[in-house]
Amino acid sequence: MTSTLPAAAPAPADLRARRESADASATAWALAARAGDTDAVDHFVRALHRDVLRYVSHLCADPQAVDDLAQDTFLRALGSLHRFEGRSSARAWLLSIARRAVIDGFRHAAVRPRRYDGADWQAAAERAQPRGVPGFDDGIALTDLLGTLSDERREAFVLTQMLGLSYEEAAVVSGCPVGTVRSRVARARGELMELVV
């Protein structure tokens, strides 16, 4: 009788190597798309779509706007792809565009707030949330914990710890020095540890 043991978690070096390989592929697709390869556009979008959705959802306070903001991010990126030179990874470049799309979305929402005409808006919002999805409750707990962090610390934490960007890439996306990103992540970790313990 053979027993199957669960596979060991990949070592951090393996994860880093995979991320660097994925970044190199996405950057190659972006450069090929820039040169006019229409298939490369599809590969570029598919390679980074999940990262953009995750990043935007952590920055945006409106879950209903996440898909629109992700789409806006890709429209902006594809419109300015001719300016992408590959000096940073395509993922870091795209996430910096996503950040600007979210900020513009906040500005737009502030000028034109949306109204709900129903009697019980909170119940309607709760009914719209998915239920029974594996890991759903964990996702809510994580979202609640991340919600306690300041915007700057949450962004640095999500970029580096959840999306796997290096501190240097996160600094490019956030538009701040690398040391500031390191400090924000360290403080975010400390605050989260206090809440969990």
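The structure holds 2 aromatic pairs, a pair being rings of Phe, Tyr or Trp (its six-membered ring) with centres within 6.5 Å. This is a predicted model, in which local features need pLDDT of at least 70 and side-chain atom pairs count only at pLDDT 80 or more, while totals for chains, interfaces and linings use all residues. Residues are numbered from 1 along each chain as its sequence is written, and side-chain values use heavy atoms, without hydrogens and water.

Select Phe44 and Phe74. Their rings are edge-to-face, 6.4 Å centre to centre with 80° between the planes; planes under 30 degrees apart count as stacked, over 60 as edge-to-face and the rest as tilted. Phe44 belongs to helix α2 (residues 38-59) and Phe74 to helix α3 (residues 66-79), so the pair ties together parts that are 30 residues apart in sequence. Phe44 and Phe74 are both buried (under 20% relative accessible area, 1.4 Å probe, protein chains only).

Select Phe84 and Trp93 next. The ring centres lie 4.8 Å apart and the planes stand at 40°, so this pair is tilted. Phe84 and Trp93 are both buried.

Finally, display helix α7 (residues 151-162) and helix α9 (residues 178-196), whose axes come within 8 Å and cross at roughly 95°. That makes α7 roughly perpendicular to α9 (angles of 65 to 115 degrees).

Technical notes:
Axes are lines fitted to C-alpha atoms, for helices over the stretch in contact, and angles run from 0 to 180 degrees between N-to-C directions. Helices (H or I, at least four residues) and strands (E, at least two) are DSSP runs, numbered from the N terminus. Angles under 35 degrees count as roughly parallel, over 145 as roughly antiparallel, 65 to 115 as roughly perpendicular and the rest as oblique. Buried means under 20% relative accessible area, exposed over 50%, partly exposed in between (1.4 Å probe, protein chains only).
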